[in-house]
Amino acid sequence: MKILTGNDLRSGAVIWWTGEGWSLHIEDAVDVGDRGEAILTEETGARRVNGGVVIDGTMTPEGPRPAHIKDRIRAYGPTVRPDLTLKPADPDAGSWVI
């Protein structure tokens with residue numbers, strides 16, 4: 001199975017080709033077979049997607065699943081957790097900038 005993914009030009013969000021347009025949900029992705037590069041050329045030219053790529057995938061009972069771990073992580077969406085962000089420097093701790 002071949003899946004198209006890229007980034008939305010307006011928001012930068014990861015998007016997936018549905019056969020008729022783009023979706024934020026990998027569950028909506030379809031197998032593009034040998035047409036992937038042609039679709040990307042048209043969609044990139046129409047400025048509907050940025051950084052598009054054709055990736056390998058498999059169909060599961062839950063829907064399409066990217067074959068490569070990097071693409072699976074990307075499919076899950078943003079991985080930044082607010083509770084793990086760096087806290088501002090504490091002025092009482094002696095932090096300073098030269």
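**Exercise 1. Determine which residue of strand 2 is the bridge partner of Gly6, and describe how strand 2 is paired on each side.**

Solution. 

Step 1. The bridge partner of Gly6 in strand 2 is Ile15. The model examined here is a predicted one.

Step 2. Strand 1 and strand 2 are paired in the antiparallel sense, over three bridges. Their hairpin has six residues between the strands, and Gly12 adopts a positive phi near 85° there.

Step 3. Strand 2 also pairs with strand 3 in the antiparallel sense, over two bridges. Here Trp16 has Ser23 of strand 3 as its bridge partner. The hairpin of strand 2 and strand 3 has four residues between the strands, with Gly19 at a positive phi near 105°.

**Exercise 2. State the strand order of the sheet and identify its edge strands.**

Solution. 

Step 1. The open sheet is formed by five strands in the order 3-2-1-4-5, with antiparallel pairing.

Step 2. Strand 3 and strand 5 pair on one side only, which makes them the edge strands.

Step 3. For strand 2, both faces are covered. Val14 and Trp16 are buried on one side, and Ile15 and Trp17 are buried on the other.

**Exercise 3. Decide which residues of helix 1 are buried, and explain how they are arranged around the axis.**

Solution. 

Step 1. Helix 1 spans residues 36-45, and its buried residues are Gly36, Ile39, Leu40 and Glu43.

Step 2. These residues lie on the same side of helix 1, because they cover an arc of only 100° around the axis. An α-helix has 3.6 residues a turn, so residues three or four places apart point the same way.

Step 3. The other side of helix 1 carries the exposed residues Glu37, Ala38, Thr41, Glu42 and Gly45.

Step 4. The packing partners of the buried residues are strand 1 (2-7), strand 2 (14-17), strand 3 (22-23) and strand 4 (50-60).

Step 5. After helix 1 comes Arg47, with a positive phi near 60°.

**Exercise 4. Is Glu43 buried or exposed, and which residues does Glu43 touch?**

Solution. 

Step 1. Glu43 is located in helix 1.

Step 2. Its relative accessibility is 5%, so Glu43 counts as buried, the cut-off being under 20%.

Step 3. When residues up to four places away in sequence are not counted, Glu43 touches Trp17, Trp22, Arg48 and Val49.

**Exercise 5. Characterise the largest pocket by its volume, its lining and the elements that contribute to the lining.**

Solution. 

Step 1. The volume of the largest pocket is about 210 Å³.

Step 2. The lining consists of Ile26, Glu27, Thr60, Glu62, Gly63, Pro64, Arg65, Pro66, Arg72, Ala75 and Tyr76.

Step 3. Two or more of these residues are given by strand 5 (63-66) and by helix 2 (69-75). Strand 5 provides the largest share, four residues.

Step 4. By class, the lining of the largest pocket comprises five nonpolar, two polar and four charged residues.

Terms used:
Residues numbered from 1 in each chain as written. Predicted model: local features only at pLDDT ≥ 70, side-chain atom pairs only at ≥ 80, totals over all residues. Heavy atoms only, no water. Buried < 20%, exposed > 50% of the residue type's maximum accessible area, 1.4 Å probe, protein only. Arc of directions from axis to C-beta. Contact = heavy atoms within 4.5 Å. Pairing = 2+ DSSP bridges. 1 Å grid on protein atoms, 1.4 Å probe; cavity = no way out; pocket = protein on both sides within 12 Å on 5 of 7 lines; lining within 4 Å. Points joined across faces, edges and corners; volume = space filled by probe spheres on them. Nonpolar A, V, L, I, M, F, W, Y, C, P; charged D, E, K, R; others polar.
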